[in-house]
Amino acid sequence: MHKSLRLRNRADFSRVYRHGKSFANHQFVVYWFNRKQVERFRAGVSVSKKIGNAVVRNRMRRLVKEIVRHHEAEIAGGLDMVFIVRKGALDMSYAELEKSVLHVLRKAKLLKASRK
């Protein structure tokens with residue numbers, strides 16, 4: 001995922017948590033906050049220490065960012081999003097993770113097709 005598409009500082013994460021909306025499934029929680037002044041989305045990934053050690057957490061972070069990068073064209077613009085990884089995502093393959101991320105985005109109406 002390109003740097004311009006990433007949430008990087010604490011203030012951005014806090015704004016999304018405080019003022020945004022959320023939706024969840026068993027593997028992920030997604031918080032989002034509308035930013036009308038921009039046309040592109042930004043995404044951040046949060047993985048708790050409860051999930052595992054640094055190797056496990058970083059792997060999950062990389063996988064989620066890669067899924068978002070592959071589906072960049074399908075995700076609605078003007079949003080800040082934070083994905084929170086839950087324990088249910090640990091034992092899943094890449095294809096299952098991808099399906100789960102798309103499911104939570106579809107249910108939250110954050111995909112371009114589901115916004116219409």
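**Salt bridges, aromatic pairs and sheet order**

Seven salt bridges are found in a search of the whole structure. A salt bridge here is a side-chain nitrogen of Lys or Arg within 4 Å of a carboxyl oxygen of Asp or Glu. The model is predicted: local features need pLDDT of at least 70, side-chain atom pairs count only at pLDDT 80 or more, and totals for chains, interfaces and linings use all residues. Residues are numbered from 1 along each chain as its sequence is written, and side-chain values use heavy atoms, with hydrogens and water left out.

Side chains of opposite charge can pair when their charged atoms come close. Arg15 takes part in a salt bridge with Asp12, and the closest N and O atoms are 3.0 Å apart. Both residues lie in helix H1, three residues apart, so about one helical turn separates Arg15 from Asp12. Helices (H or I, at least four residues) and strands (E, at least two) are DSSP runs, numbered from the N terminus. Asp12 is buried at 9% relative accessibility, whereas Arg15 is partly exposed at 27%. Buried means under 20% relative accessible area, exposed means over 50%, and partly exposed lies in between (1.4 Å probe, protein chains only).

Arg15 also forms a salt bridge with Asp80, where the closest N and O atoms are 3.7 Å apart. Arg15 belongs to helix H1 and Asp80 to strand E4 (residues 79–85), so this pair ties together parts that are 65 residues apart in sequence. The relative accessibility of Asp80 is 0%, which counts as buried. Asp80 forms a salt bridge with Arg42 as well, at 3.0 Å between the closest N and O atoms. Arg42 lies in strand E3 (residues 42–47) and Asp80 in strand E4, so the pair ties together parts that are 38 residues apart in sequence. Arg42 and Asp80 are both buried. A network of salt bridges links Asp12, Arg15, Arg35, Arg42 and Asp80.

A pair of aromatic rings is described by the distance of the centres and the angle of the planes. Rings of Phe, Tyr and Trp (its six-membered ring) pair if their centres lie within 6.5 Å; planes under 30 degrees apart count as stacked, over 60 as edge-to-face and the rest as tilted. The structure holds two aromatic pairs. Phe13 and Tyr17 form a tilted pair, with 6.5 Å from centre to centre and 45° between the planes. Both residues lie in helix H1 (residues 10–19), four residues apart, about one turn of the helix. Phe13 is buried, at 17% relative accessible area. Tyr17 counts as partly exposed, at 32% relative accessibility. The ring centres of Tyr17 and Tyr31 are 5.1 Å apart and their planes stand at 90°, so this pair is edge-to-face. Tyr17 lies in helix H1 and Tyr31 in strand E2 (residues 28–34), so the pair ties together parts that are 14 residues apart in sequence. Tyr31 is partly exposed, with a relative accessible area of 23%. Phe13, Tyr17 and Tyr31 form one aromatic cluster.

Strands of a sheet pair through backbone hydrogen bonds, either parallel or antiparallel. Two strands count as paired if DSSP finds at least two bridges between them. Strand E1 (residues 21–24) and E2 are antiparallel and pair over four bridges. These two strands, E1 and E2, form a hairpin with three residues between them. Val29 in E2 is the bridge partner of Ala24. Trp32 in E2 is the bridge partner of Lys21. E2 also pairs with E4, in the antiparallel sense, over seven bridges. There, Tyr31 stands opposite Val82 in E4.

The four strands form an open sheet in the order E1-E2-E4-E3, with mixed pairing. E1 and E3 stand at the edges, each with a single partner strand, so one side of each is left without a neighbour in the sheet. From one strand to the next, the twist averages 20°. Helix H2 (residues 54–70) packs on the sheet and touches E2, E3 and E4. The direction of H2 makes about 155° with that of E3. Contact means heavy atoms within 4.5 Å. Axes are lines fitted to C-alpha atoms, for helices over the stretch in contact, and angles run from 0 to 180 degrees between N-to-C directions.
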